[in-house]
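Please look at the sequence and the structure shown here before reading on. The report that follows moves from a feature of the surface to the fold of the chain and then to some single residues.

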Amino acid sequence: MLKTSYLAIMISLLTVNCQQLFSQKTVGATRIFTNMQVDGSLDDDAWELAEPATDFIQMEPAKGEKATEKTLVLVTYDDKNIYFGINCYHKDASTIV
């Protein structure tokens with residue numbers, strides 16, 4: 001009886017972990033055919049083509065809760081490179097350590 005209960009608990013835990021693993025969101029990458037200006041700024045025309053990822057959640061301090069600050073992630077690629085554009089907003093940047 002104990003082995004059966006243990007097995008049922010293990011299967012339940014594995015099922016929950018698999019659901020969490022496969023329920024993750026994905027970010028799409030947009031193929032670009034123009035030259036990307038890599039300069040730390042997201043005002044290049046190629047970034048306008050990318051679909052932004054914005055719905056982030058916290059890992060700490062409140063795991064699973066909606067992020068308290070806005071974050072924007074853009075992903076593009078060409079024949080030779082993958083480009084990541086990330087803009088992390090903060091209400092008061094002077095508090096960042």
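This is a predicted model: local features need pLDDT of at least 70, side-chain atom pairs count only at pLDDT 80 or more; totals for chains, interfaces and linings use all residues.

## A nonpolar patch on the surface

Ile-82, Phe-84 and Ile-86 together form a nonpolar patch on the surface, with about 350 Å² of accessible area. Accessible areas come from the Shrake-Rupley method with a 1.4 Å probe, and for residues only the protein chains shown count as cover.

Residues are numbered from 1 along each chain as its sequence is written, and side-chain values use heavy atoms, with hydrogens and water left out.

## The strands behind the patch

Ile-86 lies in strand β3, which covers residues 82-88, and Ile-86 is called exposed because its relative accessible area is 52% (buried means under 20%, exposed over 50%, and partly exposed in between, with a 1.4 Å probe and protein chains only). Another residue of the patch, Phe-84, is the bridge partner of Val-75 in β3.

β2 and β3 run antiparallel and are joined by 7 bridges, where two strands pair if DSSP finds at least two bridges between them. These two strands form a hairpin, with 4 residues between them.

## The chain as a whole

The chain has 2 helices and 3 strands, which are DSSP runs numbered from the N terminus (helices are H or I with at least four residues, strands are E with at least two). Along the sequence they follow the pattern α-β-α-β-β.

Of the 97 residues in the chain, 19% are buried, and the accessible surface of the chain comes to about 8,500 Å², of which 58% belongs to carbon and sulfur atoms.

## Two places in the loops

Asp-43 sits in the loop between β1 (30-31) and α2 (45-49), and with a relative accessible area of 57% Asp-43 is exposed. Its side chain makes a polar contact with the side chain of Ser-41 at 2.8 Å; such a contact is a pair of N or O atoms within 3.5 Å, and within protein one must be able to donate a hydrogen and the other to accept it, while residues adjacent in sequence count only if both atoms are side-chain atoms.

Pro-61 is in the loop between α2 and β2 (71-77), and the peptide bond that leads from Glu-60 to Pro-61 is cis, with omega near 0°.

Methods
Patches are made of residues with over 30% relative accessible area and no salt bridge: like charges are joined within 9 Å, nonpolar side chains (Val, Leu, Ile, Met, Phe, Trp, Tyr) within 5 Å. A salt bridge is a side-chain nitrogen of Lys or Arg within 4 Å of a carboxyl oxygen of Asp or Glu.
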